Amino acid sequence: MQTGSTLHDDRTGVSALGGLGAQARGASGRLPPEIWMQDGAKRVEQALARLLCAEDDGETELMAAMRYATLQGGKRTRALLCLAAGALADTPAHMLDDVGAAIEMMHACTLVHDDLPAMDDDVLRRGLPTVHVKFGEATAILVGDALQAHAFLTLASLDAEGDNRIALVRELAQAVSAEGAAGGQAMDLSLVGKHVELDRIVAMHRMKSGALVRASVRMGALCTIAEDAAHAGLYCALDRYSACFGLALQVVDDILDATADTATLGKTPGKDAAAQKPTCASIMGLQAARQFALDLLRDAGEAIAPLGPRAERLAQMLQRANAYLFKHAPCA
């Protein structure tokens, strides 16, 4: 297995850009980050549309609601992390597209369920009515269930070796298990209205949202590289990177919930404070939380430094997160 090829290899996610010439690629021959990110997000959107294409039976709106939950925009951060990690593993583009789509299905599942009245009770997501508002609470519950099933069906049908498919299914299942997103959501609900230490908030974030970020990075590599003794250093670097990156994303989200408007968030601002939910921002203060996020992004960069140029796209994801933080949560 070759693992050290250049990141602009068409096998690793840019084959759909055949019409782009040297000007788009630049003097180095590498694609600028905004080009591969836009193309990657577009291809994942196309994969989602293809994989969620079954016709409803005329009596339900289930598939329409599933498509609504997944195809209404979003930054596609988790799918792009998968594509970025896949680039350093020489994972074929068509495989990454479907794995990225499966990850986005699972992410949408967690969002639909989190928005329910029994959970975070939100009426906006990505600037639109949440699924339970538009389609009803019962349909929203079924949408989450069905998206989870379709995510695993996608991985089980992947054009990959059997051992790789098993590793991918295991990774995604672990991310949303009682040790991952489900357990993190349960912990989040249990902390409402309580005074807690920062380490408990961090532990909750690492489960509720961080576990799926970790899986997204690992799955890009697991498509083609087994997690064994020969690749222990690679997965150690990816795990440290994703732990820092995932926590940073949630800290930024905590900051924006307290400071941003609905147009920026795409959802209702001030929900954490209204629900008396302790967050990194409420415990540390906004400026300390902002510096914490910056430190985490720096640490993530240090984690992948030993991987060299082949981790360039993972580094570019950090640059995008930094730019987002500076744009939407500037220094006071």
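Predicted model: local features only at pLDDT ≥ 70, side-chain atom pairs only at ≥ 80, totals over all residues.
**View 1. Helix α16, from residue 286 to residue 304.** Let's start with a quick length check: at 1.5 Å a residue, the 19 residues of α16 should span 27 Å, and the end C-alpha atoms are 28 Å apart, which agrees.

**View 2. Helix α9 and its cover.** This helix runs over residues 181-190, and its buried residues are Ala 181, Gly 183, Gly 184, Gln 185 and Asp 188. The elements covering them include α5 (93-114), α8 (162-175) and α10.

**View 3. Thr 110 in helix α5.** Stay with α5 for a moment and find Thr 110. Its relative accessible area is 17%, and because buried means under 20%, Thr 110 counts as buried. Leaving aside residues up to four places away in sequence, Thr 110 touches Val 176 and Ala 181. Ala 181 is also one of the buried residues of α9.

**View 4. Cysteines without disulfides.** The structure holds zero disulfides. Cys 223 is in none: the nearest cysteine sulfur, that of Cys 82, is 5.6 Å away, whereas a disulfide needs the sulfur atoms within 2.5 Å. Cys 223 is buried, at 3% relative accessibility. Cys 109 is buried as well, with a relative accessible area of 4%.

Notes: Residues numbered from 1 in each chain as written. Heavy atoms only, no water. Helix = DSSP H or I, 4+ residues; strand = E, 2+ residues; numbered from the N terminus. Expected span 1.5 Å × (residues − 1). Buried < 20%, exposed > 50% of the residue type's maximum accessible area, 1.4 Å probe, protein only. Contact = heavy atoms within 4.5 Å.
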